[in-house]
Amino acid sequence: MHCLVVEDQQILLDLLATIVDAFSEISTVSKATSCAQAVAINKDIPVDLAILDLHLPDGDGSELGQHLVQSNPSIQLIVLTGAPEDFQSSRELRESIHALIDKRDSFDALHHSLSRILQPAHQSLTPRQSEIFDLIGAGKSTKEIARMLNSATSTIESHRKAIAQALKLSGAELIREASLTRQITPRP
């Protein structure tokens, strides 16, 4: 899946792109600071998901969204704005918008929206597998996890294999994915 992040503030653009890139379902992330850059990127590589700022130096994010929807009707949009209560859009654009995010809450809200849209593979794990996956992400060894969960080491090894198989990952990839997921998943 190709994601385009359009934001004129470079620091916010880089942070948003980093969050998006942490999702394994995203194969490529492109960044643009203007409408013109975004249109050029979309011509080169069709965009499946776009995160759009509404106020850009060379145009309106809503108009850019409309252009992206016309070139790819199945695109999914997430709109970033400092004033969500004032946002208005056409019916056609509204059907492609999956989230309207207040920039003041952008990181947690973006993560939640992406999780809903992309439905990361780790969300399909059983509750026990999710608990073990989280502990793997925290850097715990199989023996430590077994002690913490009052289980046999062989049981935890079986769970690790099942998790790796469900996520289609090798052992090392499982550790990396669990660690990344733990970093980007908001904690209660």
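The axes of α6 and α7 come within 10 Å and cross at roughly 130°. Here axes are lines fitted to C-alpha atoms, for helices over the stretch in contact, and angles run from 0 to 180 degrees between N-to-C directions. The helices themselves are DSSP runs (H or I, at least four residues), as are strands (E, at least two), numbered from the N terminus. α6 and α7 are therefore oblique to each other. For such labels, under 35 degrees is roughly parallel, over 145 roughly antiparallel, 65 to 115 roughly perpendicular, and the rest oblique.

Keep in mind that this is a predicted model, where local features need pLDDT of at least 70 and side-chain atom pairs count only at pLDDT 80 or more, while totals for chains, interfaces and linings use all residues. Residues are numbered from 1 along each chain as its sequence is written, and side-chain values use heavy atoms, with hydrogens and water left out.

On the α6 side, Arg128, Glu131, Ile132, Leu135 and Ile136 make the contact, and on the α7 side Ile145, Met148 and Leu149 do. Contact means heavy atoms within 4.5 Å. Sorted by class, α6 with α7 gives six nonpolar, no polar and two charged residues. In this sorting, Ala, Val, Leu, Ile, Met, Phe, Trp, Tyr, Cys and Pro are nonpolar, Asp, Glu, Lys and Arg are charged, and the others, Gly among them, are polar.

How does α6 pack with α8? Helix α6 (residues 127-137) and helix α8 (residues 153-167) have their axes 10 Å apart, at an angle of about 90°, and are therefore roughly perpendicular to each other. From α6 come Arg128, Gln129, Ile132, Phe133 and Ile136, which meet Ile156, His159, Arg160, Ala162, Ile163 and Leu167 in α8. This contact has seven nonpolar, two polar and two charged residues.

Now for salt bridges, each one a side-chain nitrogen of Lys or Arg within 4 Å of a carboxyl oxygen of Asp or Glu. The count comes to two:

| Pair | Closest N to O |
|---|---|
| Aspartate 14 and lysine 31 | 2.7 Å |

Glutamate 131 and arginine 128 are separated by about one helical turn, because they are three residues apart in helix α6. Aspartate 14 is partly exposed at 30% relative accessible area, and lysine 31 is partly exposed at 42%. Glutamate 131 is partly exposed too, at 34%, as is arginine 128 at 30%. The cut-offs are under 20% for buried, over 50% for exposed, and partly exposed in between (1.4 Å probe, protein chains only).

Lastly, a look at phi. Most residues other than glycine have a negative phi. Which way does asparagine 150 go, positive or negative? Its phi is positive, near 55°, and asparagine 150 lies in the loop between α7 (142-149) and α8. Asparagine 150 counts as exposed, at 73% relative accessibility. Lysine 168 has a positive phi of about 55° although it is not a glycine. You'll find lysine 168 in the loop between α8 and α9 (171-184), exposed with a relative accessible area of 73%.
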